[in-house]
Amino acid sequence: MSSKLSQKMGLGAGGMIGGRVALKLDPQALAHLTSGRSVALVTGTNGKTTSTMMLSRAVSFLGEVATNHGGANMPDGHVTALSKQPDAPFAVLEVDEGYFPEVVRAASPEVAVLLNLSRDQLDRVGEVRTIEKSLRTALASVTGVVVANCDDIMVTSAARDSANVVWVATGTGWHNDAASCPRCGDPIRWEGEHWHCTGCDLARPRPQWVTGDGYLVTPNGVKVELALRLPGKFNQANAVMATAAAAALGVPVEEAVQRLRAVSNVAGRYRTIQRSGHRARLLLSKNPAGWSETLTVVREADHPAVLVINAHEADGRDLSWLWDVPFERLRGRQVIASGERATDLAVRLTYAEVEHTIVPDPLLAIDAMPPGPVEVIANYTAFRDLNARAAQ
């Protein structure tokens with residue numbers, strides 16, 4: 001009832017309010033709703049929503065799955081999602097990093113998936129090393145399988161002491177938040193794809209699963225083509241993480257991958273809208289690591305780009321992270337800075353020597369581009385609002 005009322009009043013999608021009310025009435029609601037189910041939790045800085053959708057699709061081979069892949073990733077959203085499918089024997093839940101320890105205690109997961117850890121909204125989430133320590137403590141109580149990215153130093157540190165770890169090589173390209181060891185503070189040294197701490201025994205574990213260029217390699221050495229509809233190396237990594245997690249729950253690899261191939265749109269991410277002679281692809285990026293990966297994707301085609309930045313509480317009000325994004329990759333193409341904080345973005349683009357104009361309204365910014373394909377990259381609330389307006 002609360003969720004439907006929230007939707008009718010235009011206050012939100014209703015993904016959290018029902019759960020919030022339920023938790024007020026019963027603080028143990030999440031534990032009660034996960035009891036008796038096979039639960040998989042997905043956390044990390046980037047890729048949670050996509051990986052959760054992928055994993056839920058794969059696990060549906062085994063039976064009905066309750067999931068929150070719409071992005072309501074705190075306990076309120078979990079309770080709402082689980083309440084809608086009370087009889088589903090499986091639950092796949094996206095979990096905000098800050099709430100992961102609380103959800104682990106309540107849900108006792110059979111599988112916990114750790115994608116990556118990097119700086120994200122420091123004024124809201126906290127320093128990445130603090131998050132790593134909290135995840136490390138939480139994982140010590142997980143008796144199920146931990147599926148972890150061995151190419152992410154923070155994730156490796158958080159998962160290394162767990163009882164049952166499945167390591168996945170993802171080819172993670174962002175290392176700027178882990179130049180030094182999260183355990184002893186000494187420098188990390190990279191030698192090709194391998195890394196190790198120069199002061200302690202923390203080092204890249206040997207992976208059981210490997211992400212290749214368009215394929216994965218299973219623990220048995222079998223090479224499986226991915227053929228995803230979602231773009232980018234990072235989505236291939238998400239797919240391999242999801243497949244490894246699904247396999248831990250008993251899903252055959254070929255069945256899992258076949259279901260992942262059908263995923264083309266994740267909560268509006270990657271959708272294309274037609275507007276005033278333009279075909280605009282909408283891409284979500286929320287932090288330096290995410291923007292770096294997205295800029296790699298759009299570099300594949302020299303299309304004009306609209307960059308949209310807001311700074312609400314959900315985005316993080318501190319925009320200093322813009323200076324860590326490699327906007328220099330956009331030199332030579334037509335760029336418009338947009339969003340409520342377009343001028344802050346414009347300053348950063350100026351220093352990156354990216355020629356640009358400013359059009360604060362992102363829909364008008366799309367209209368201002370030459371007819372044809374346009375890449376639109378937006379952070380959280382800018383992306384949400386743009387999706388809502390484009391649907392009107």
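Predicted model: local features only at pLDDT ≥ 70, side-chain atom pairs only at ≥ 80, totals over all residues.
Cys 150 is in no disulfide, and the nearest cysteine sulfur, which belongs to Cys 181, is 16 Å away. The relative accessibility of Cys 150 is 0%, so that this residue counts as buried. Cys 184 is likewise in no disulfide, the nearest cysteine sulfur being that of Cys 197 at 3.4 Å; with a relative accessible area of 36%, Cys 184 is partly exposed.

Four cysteines, namely Cys 181, Cys 184, Cys 197 and Cys 200, are listed by UniProt, in an unreviewed entry, under "binding site". Although these residues are spread over 20 residues of sequence, they cluster in space, with a largest C-alpha distance of 8.6 Å.

Cys 181 is found in the loop that runs between strand S6 (165-169) and strand S7 (188-191), and Cys 184 also has its place in the loop between S6 and S7. Cys 181 counts as buried at 1% relative accessibility, whereas Cys 184 is partly exposed. When neighbours within four places in sequence are left aside, Cys 181 is in contact with Arg 129, Asp 186, Ile 188, Cys 197, Cys 200 and Leu 202. Cys 184, with residues up to four places away in sequence not counted, touches Cys 197, Gly 199 and Cys 200.

How values were computed
Residues numbered from 1 in each chain as written. Heavy atoms only, no water. Disulfide = S-S within 2.5 Å. Buried < 20%, exposed > 50% of the residue type's maximum accessible area, 1.4 Å probe, protein only. UniProt positions renumbered as here; feature names shortened; annotations may be inferred. Helix = DSSP H or I, 4+ residues; strand = E, 2+ residues; numbered from the N terminus. Contact = heavy atoms within 4.5 Å.
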